[in-house]
Amino acid sequence: MNYPDESTYGNKADIISTVEFNHTGELLATGDKGGRVVIFQREQESKNQVHRRGEYNVYSTFQSHEPEFDYLKSLEIEEKINKIRWLPQQNAAYFLLSTNDKTVKLWKVSERDKRPEGYNLKDEEGRLRDPATITTLRVPVLRPMDLMVEATPRRVFANAHTYHINSISVNSDYETYMSADDLRINLWNFEITNQSFNIVDIKPANMEELTEVITAAEFHPHHCNTFVYSSSKGTIRLCDMRASALCDRHTKFFEEPEDPSNRSFFSEIISSISDVKFSHSGRYIMTRDYLTVKVWDLNMENRPIETYQVHDYLRSKLCSLYENDCIFDKFECVWNGSDSVIMTGSYNNFFRMFDRNTKRDVTLEASRENSKPRAILKPRKVCVGGKRRKDEISVDSLDFSKKILHTAWHPSENIIAVAATNNLYIFQDKVN
Amino acid sequence: MEVQKEAQRIMTLSVWKMYHSRMQRGGLRLHRSLQLSLVMRSARELYLSAKVEAHEPEVSLQPARSPDPRLHPPREAEAEAEAAPLDGEQPSPEPMDTQEAPRAEEAPARGAPRPAKVSRKRRSSSLSDGGDVGLVPSKKARLEEEEEKEGASSEVPDRLQPSPAQAEGAFPNLARVLQRRFSGLLNCNPAAPPTAPPACEAKPACRPADSMLNVLVRTVVAF
């Protein structure tokens, strides 16, 4: 397994709520509870600074969403950024989608390193000149200036969701994207903000008959007609938009029969899927529920091909976790670039990696106390039995307030970003 | 008994969480509400199956009676106050519960006949004892009978997971109280003013809502 290096960027004022690399891995975006987006850029590796092998520095910070108030429903709309998704780069500027509970925004992040100077009608400070003093004519020229990165909202996609948005996903056609809330999924065209197509609607005619909600949704990485969405009942539906305009009838339905020996009081809620991700190849999907990560083959609907226990020692603690609300935590999961390793978070600032080929797994911790820059991360172990070894931590000592819900993996290299509450950790694989 | 206590505790906890989720910034979360209602239902089923097994007498209902006057004013005031923050779309967990009471009534085939008999027997005895008067006021009795008749004649849709008939048999009162509480809120008292900034309504809503919680907690404890 990797023994990564580490750089930490900490002390964000607010809790990080989403982390996402762009398609090249050059940029890393984080969103937080305060509605802000912070973008990090990887330093170009230079011969002079061999040690600083591409560290990430802050590139741009902007306020994406503000708190709003829905007067009709007497509800406050949180500014927390639920998801960020990058668009593939098509010109010098970068584009990303960021969303809170109700509104999706398309942001353009661009650099400005030149500015026009030598205006005729304005002086250098921008004040209008007295026309009587202008005796000559000149053409303004562009002169270099300190690099400025500006973020501007290019589109605002609002008023399309009654319920809380949990996912956004950019289509491989790069022209459309979808946004999903608890009961509906809408398809948008990037150019059109005043309307969207509803492609999934699971709202029952009688709300009293509601039994499940949509928890996550994603487009297939290559087939622009295909997407999946997961539910609170632990099922995944794959839909083909060519079949009909309203994709209420799924093309494939993935569900694993429940293991009766695992049936417990809280079985229903721990089977709720909190995240679903296509593999880069598009052949597999990965789902995260409260205790496990599962890999499914798109060609096999009746059970996953792999199941990984993230923190099975919590199975006997579900009642306490219900009391402290931890049982409702929504963990995300990610693939590495080659789809050979999957990663997800846990408690006590632990995160877990599973190698699908070797079947080995490792538990690592994102914490300042245990890591210094360029230190090697030591694998951690949770003691489940009676005897606790020296380095192990017992289940009862786990800190459930330190949870890693959001992680990201560089698209091609072994660089990972781990959000631990309000700190962001970036780990890089050791060279050689 | 342990199981029953635990189930009670979880039900109380769930109700508390449901109540508090309304106060959360960002509004009621549908998924969370659904999950809470699932836990409540599981707790209820567990409680009832434990109770049936233990053959407990209905004496446990006695200490928990609530006097009538407490119910009516808080219910009305609270219904108005709570209708305000709810929007028309908010499904909340309560529909799950409201659906189950009549549904369980509709499915006599599922459960043993004994619990059904127990329910009829208990209802009459409790009404005569006045033990449940606080929870089932006399003017509502006719409505309950009507509901039962309606329920019995209609088919049981397969949507929800089957709940055992004994759930209804031994458990009419909590279900009905919850049903009354939340149906009233959901059916959206048209007279209630729909909008009020949360800052303003926090104060007037506090007191009746607290009473509601007290009643609910008392109701849950009653079993």
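# Reading chain B and a few residues of chain A

Modeller: In this predicted model, 53% of the 223 residues in chain B are buried.

Colleague: Where in chain B is confidence highest, and where is it lowest?

Modeller: Helix α1 (residues 2–22) of chain B has the highest confidence, at a mean of 90. The lowest is in helix α7 (residues 165–169) of chain B, at 38. Over residues 59–223 of chain B, pLDDT stays under 50. For that stretch the model has 232 contacts beyond four places in sequence.

Colleague: Let's turn to chain A. Why is A:Ser74 called buried?

Modeller: The relative accessibility of A:Ser74 is 6%, and buried means under 20%, so A:Ser74 counts as buried. A:Ser74 lies in the loop between β6 (68–70) and β7 (75–77) of chain A. Its phi is near 55 degrees, a positive value in a residue other than glycine.

Colleague: And what makes A:Thr421 partly exposed?

Modeller: A:Thr421 has a relative accessible area of 29%. Partly exposed lies between the 20% limit for buried and the 50% limit for exposed, so A:Thr421 is partly exposed. The loop between β31 (415–420) and β32 (423–428) of chain A holds A:Thr421, and phi of A:Thr421 is near 55 degrees, again positive in a residue other than glycine.

Colleague: How do you know that A:Cys224 is too far from A:Cys247 for a bond?

Modeller: A disulfide needs cysteine sulfur atoms within 2.5 Å. The sulfur of A:Cys224 is 13 Å from that of A:Cys247, the closest cysteine sulfur, so the pair is too far apart for a bond. A:Cys224 is partly exposed, at 35% relative accessibility.

Colleague: What about A:Cys326: buried or exposed?

Modeller: A:Cys326 is buried, because its relative accessible area is 4%. Its closest cysteine sulfur, in A:Cys319, is 13 Å away, too far for a bond.

Note on methods: Residues numbered from 1 in each chain as written. Chains lettered and ligands numbered in written order. Predicted model: local features only at pLDDT ≥ 70, side-chain atom pairs only at ≥ 80, totals over all residues. Heavy atoms only, no water. pLDDT = per-residue confidence, 0-100. Helix = DSSP H or I, 4+ residues; strand = E, 2+ residues; numbered from the N terminus. Contact = heavy atoms within 4.5 Å. Buried < 20%, exposed > 50% of the residue type's maximum accessible area, 1.4 Å probe, protein only.
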